[in-house]
Amino acid sequence: MKKVYSIIYKLHKILSIPLSILFILWYVSGLVMLYHPFPRLNDTIRPVKEVDYAVTDSLWQQVPATFRSCQFIFSGNHQLIKVDGEVLGAYHPTKDDILSIADDYNIIVHHIDTLADIDRWIPFNRLMSHLPIYRLVSNEEDYLYISSQTGEILQYNTKKARLWAYVGAIPHYVYYKPLRRDSELWKDVVILLSGIATISVILGLIISICFLIKRKRLKLFRKATWQTHYLFGLISGIFMFAFIFSGMMSLAKVPEILIERHPYKAPLLEKSHYDIQALPSHFKRCDLADDIKPIFRSYITEKMEISPATLTNGVSITSNEVEEIINSRLQEDVLSTETVVNDWFYYQNGEKGFKTETTHHSVYWNEKGYFKVMDRNSKARYICYQVLHTFKIPFLNTKEPLRLTAMWILLLSGLVIVISGTILSYRIVRK
């Protein structure tokens, strides 16, 4: 037993030395990420534009009969429809087009860069097809990225958001361009690093528990660094494990050998179910959906608005309609239906919903068209990531200040563990 413990102790030291800086980066950046995510173009930034139904109708005629996703967007004075990744109405923006887009985003252009490669603020290989990319730089050093191939707005960020990202999202997500541009390599590296880090935390927990069992007291060391590392590791080590492990599970899958998968593949959307004349006259962006009934999800203000996809049908959904849809899509009988408001897997800002159970799935839905299907495997992955990493649990869903306070306490306690561990690692290396 002593030999096993000795191996665990040495392995923990060996792993902790190279991982110590990585741990500090993850914890410090985690605190920043509570308030400053990676800067992205979102629907609060997009301008509200008026639909020209004649232009929309001509583009709509090019849409195939069935599709997985369809989105209506604007780029300056151009209307675009994005269908399964293909952009209808794509154009090569001229300088006048670029200045029109800048005006929409209230940007006073200082200069325009033509990028021959993606940069650190658009480090995704899926954007390579848009090269060269125009980067508008404002007098305030805000960046707006425009595709030269389709005219799409690809990214928007401010100088302040970029500064926060250097100490937040970039180290937290390991968003370094040479690595992130290859999405599969980036995914494998992050899973590997967080997996090794998880093992190191588990070994540290075992050591702390063994100390406690053997000595039967919390005060073990004279030196403050050793005592701090041991005590905080014993008390909050389990939360440190949850944080690192759940970070890995943001990219990893729950093995099917542990929990069988019964994946749900949403049906193709049918063009014939949508009436373009029912499209809202003004919006920032509008998505087509057919969770239960064909609907438009449009962004006119900061909140998403749902409207029927035809001029005659409403959005209101009945239980009988849902049961018929579940039977046809899942090929499973409905076992039970109950009301939910703040569930582990359903929370829509207080909007009442329902949970319908079938043989292998739980279906969460509401009368406005929300429809989410989960099997046991997807529930396990949700818990492993969303619950453990961001504390998205029923008790805290409606208490954001309390959730943030809990995150601060656990992240700071983890930071104490890793800083004290880093000091000990430095001493070991120095010797």
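**Helix 3**

I started with helix 3 (residues 95-104) and listed its buried residues: Asp-97, Ile-98, Ser-100, Ile-101 and Ala-102. Buried here means under 20% relative accessible area, exposed means over 50%, and partly exposed is in between (1.4 Å probe, protein chains only). Helices (H or I, at least four residues) and strands (E, at least two) are DSSP runs, numbered from the N terminus.

I noted that this is a predicted model, where local features need pLDDT of at least 70, side-chain atom pairs count only at pLDDT 80 or more, and totals for chains, interfaces and linings use all residues. Residues are numbered from 1 along each chain as its sequence is written, and side-chain values use heavy atoms, with hydrogens and water left out.

What covers those buried residues of helix 3? I found that the cover includes strand 3 (70-75), strand 4 (78-83), strand 6 (109-115), strand 7 (133-138), strand 8 (143-147) and strand 9 (153-157). Contact means heavy atoms within 4.5 Å. After helix 3 comes Asn-106, with a positive phi near 55 degrees.

**Largest pocket**

Next I looked for empty space. Rolling a probe the size of a water molecule over the atoms shows where such space is left. On a 1 Å grid over the protein atoms alone, a cavity is a set of points where a 1.4 Å probe fits but cannot get out, and a pocket is an open set with protein on both sides within 12 Å along at least five of seven lines; lining residues have an atom within 4 Å of a point. Grid points are joined across faces, edges and corners, and a volume is the space filled by probe spheres set on the points.

The largest pocket holds about 830 Å³. I counted 38 lining residues, and Met-33, Tyr-173, Tyr-385, His-389 and Thr-390 are the closest to the centre. Helix 10 gives the largest share of this lining, 5 residues. By class, the lining has 22 nonpolar, 10 polar and 6 charged residues. (Ala, Val, Leu, Ile, Met, Phe, Trp, Tyr, Cys and Pro count as nonpolar, Asp, Glu, Lys and Arg as charged, and the others, Gly among them, as polar.)

**Cavities**

How many cavities of 30 Å³ or more does the structure hold? I got 3. The largest cavity has a volume of about 480 Å³. Of its 27 lining residues, His-12, Ser-16, Gly-204, His-229 and Gly-421 lie nearest the centre. Helix 1, helix 7, helix 8 and helix 12 each supply at least two residues of that lining, which has 14 nonpolar, 12 polar and 1 charged residues.

The second largest cavity is about 60 Å³. Its lining includes Phe-74, Ile-101 and Lys-284. Strand 3 and helix 3 are the elements that give two or more residues to it.

**Thr-44**

I found Thr-44 in the loop between helix 1 and strand 1 (49-50). Thr-44 counts as partly exposed because its relative accessibility is 42%. Not counting residues up to four places away in sequence, Thr-44 touches Lys-284 and Glu-302. Thr-44 and Glu-302 are 258 residues apart along the chain, yet their C-alpha atoms are separated by 5.3 Å.

**Cysteines**

I looked for disulfides (pairs of cysteine sulfur atoms within 2.5 Å) and the structure holds 0. Cys-70 counts as buried because its relative accessible area is 3%. Cys-384, at 17% relative accessibility, is also buried.
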